[in-house]
Amino acid sequence: MIVRASGPSFLELYTPKLVTILRDRYGLADLKADALAGFTVAIVALPLSMAIAIASGVTPDRGLYTAIVGGFIVSALGGSRFQIGGPAGAFIVLVAATLARHGIDGLILATLLSGLILLAIGFLRLGTFIKYIPYPVTVGFTSGIAVVIFASQLKDLLGLTLAGPEPAAILPKLAALHLSLPTLNTAAVAVALLSLAIIFAIRRFRPHWPAFIIAIVIASLAAALLGLPIETIGTRFGGIPRALPAPHLPDFSLERIGAVLPAALSFALLGSIESLLSAVVADSMTGRRHRSNAELVAQGFANIGSSLFGGICVTGTIARTATNVRAGARGPLAGMFHALFLLLMMLVAAPLASYIPLAALAAVLAMVCWNMAEKHEVATLLRASRGDAVVLAATFLLVVFRDLTEGILVGFGLGALLFLHRMAQTVEVESGRPVVAEDVADAAADGNRPRYDAALSTDPAIMVCRISGAFFFGAAATVGAALDGIGDQPRAYVVDFSEVPLLDSTAAATIAGLARKAARQGAVLYLTGTRPAIRRVLFAHDVRPPHARFKATIESAVASARRTTAGDLSSGTADSRPD
């Protein structure tokens, strides 16, 4: 008797990990560990949230709103124990492009719509399919994003003054930056180098210290005490507010929704990939398992919440999530504490943020880009195979020089074609006459395994074929050619499917063609080792008795063929019942 396990219920799929943790003997020690981890992550998230917002073209306070509101909702409703939500570097280019095209109201509306799209993806249980994105695509995308973000920080790293707006495309951007080199600010360069040196030194000698925040504090003190002529948050943005704004819906109309919908779709696609990738990283570090669809639903609510408070796109962030795990987090409360600590820091220390040099924040993002580049993975994939190298290179180049979404889609398409090609190459067709007893004895004496496991027949009019591997449209032409190449017009065909894990409609049509060929020759077609799922597809293409006869094994099919060929093959009546 076969017992089939029922799938998880709706409640099990979408129950937040917070509820699971609180049910599982969550105690005071766990609460203390989560509070400490949340404080650690907040220290890392504070400069990053502002730096990502500035690089995206919005004010730094919107990055904090995103981390506070979005981060709290992601942890409260998400399907991962350790996920930390907030603004992510991967969105910088998309956010900047949407802002330039539709303004701040259009950006917030696109964020709201992306939240609704993520809700739909999660409730339709489509999160499972995100894992099918090939690894070379994720590596090429991440490395391309690192290059694009670093290029966007060159202006602040060098303290340059451009004659006009900074171009979004990388080649015109580099050209504009080159023309503005005479405006280079040596004080800004010195602050950026000081910040990078501090980050490198702390990570080398005190890796558990919060390198980003220490570098920002020292750079801010140096710039203020020395009176350096460099841009700060205060000089460019006038500081940041000391409280969250009141929630409100963005202005929208059908025309405006249609205009920003492509951007919203891009946000949702990128957000789902980034958040689930981050959850997978957390799983690999802890041995836990996340609920992908529950995570996407939480990301949807987080983006809606962020947009209501004027924030930008929210997603799971790999670096902050990894920091959360390493800091000893026990559950989602750590992410909620991280959001609350950020809110407290904004309420208390908002005036001090005005003194933060933009060159120091650019140095923080430059370090983030260095870590994002995945240099080791790129080298490994380039050595692994030519196909993986092509997918990686295509994704990377399109992300850098064309468009993020285009890079992902083209990379995914190339990866899918490469997979189908490789799968098609694994399909094999063995064919031959059934061995006779003398052949088996001779093979055994020589220490060799005969083509088939037993002395099946001495009848040369029976042709036996064994197909192994996934029999699908990519391999159908190869298998069909092998079957069509069988000569001598045998009076019985035996095709074994015992090593075929799956069969699609194209493959079934190929077998239907063989059945018609056998009927024209007055031969009998036997199919062996067919699983129920394979039989269903074959039956749908009319591959069924009397056109084909089903047997359990090659031996039983050959024995039946011997009995049939001894009588009248054309009658189609002898021994036609399946095993």
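Predicted model: local features only at pLDDT ≥ 70, side-chain atom pairs only at ≥ 80, totals over all residues.
Local features were considered at pLDDT of at least 70 and side-chain atom pairs only at pLDDT 80 or more, whereas totals for chains, interfaces and linings use all residues. Residues are numbered from 1 along each chain as its sequence is written, and side-chain values use heavy atoms, with hydrogens and water left out.

Helix α3 covers residues 28–55; helices (H or I, at least four residues) and strands (E, at least two) are DSSP runs numbered from the N terminus. The end C-alpha atoms of α3 are 40 Å apart, which agrees with the 40 Å that its 28 residues should span at 1.5 Å a residue; the expected span is 1.5 Å times one less than the number of residues. The helix bends by about 35° at Ala 45, and Pro 47 follows within four residues. The bend is the angle between axes fitted to the seven residues ending at a position and the seven starting there. Of the 28 residues of α3, 20 are buried, so the helix is largely enclosed by the rest of the structure. Buried means under 20% relative accessible area, exposed over 50%, and partly exposed in between (1.4 Å probe, protein chains only).

Ile 43 lies in α3 and is buried, with a relative accessible area of 16%. Leaving aside neighbours within four places in sequence, Ile 43 is in contact with Pro 210, Ile 213 and Met 345, where contact means heavy atoms within 4.5 Å. Ile 43 and Ala 389 are separated by 346 residues in sequence and by 38 Å between C-alpha atoms. Just after α3, Gly 57 has a positive phi of about 95°.

Helices α5 (residues 92–123) and α12 (residues 292–308) pack at an angle of about 160°, with their axes 7 Å apart. Axes are lines fitted to C-alpha atoms, for helices over the stretch in contact, and angles run from 0 to 180 degrees between N-to-C directions. The two helices, α5 and α12, are therefore roughly antiparallel (under 35 degrees counts as roughly parallel, over 145 as roughly antiparallel, 65 to 115 as roughly perpendicular and the rest as oblique). Residues making the contact include Ser 114, Leu 118 and Gly 122 of α5 and Val 297, Gly 300 and Asn 303 of α12. Ser 114 of α5 is buried at 1% relative accessibility. Beyond its neighbours within four places in sequence, Ser 114 is in contact with Ala 264, Phe 267, Ala 268 and Asn 303.

Strand β4 (residues 462–468) contains Ser 468, which is buried at 12% relative accessibility. With neighbours within four places in sequence left aside, the contacts of Ser 468 are Thr 426, Val 427, Glu 428 and Glu 499.

Backbone features also occur in loops. Arg 25, in the loop between α2 (17–23) and α3, has a positive phi of about 55° although it is not a glycine. At 78% relative accessibility, Arg 25 is exposed. Asp 542 is found in the loop between α22 and β7; its phi is near 65°, a positive value in a residue other than glycine. Asp 542 is partly exposed, with a relative accessible area of 42%. Pro 546 is placed in the loop between α22 (532–540) and β7 (549–551), and the peptide bond from Pro 545 to Pro 546 is cis, with omega near 5°.
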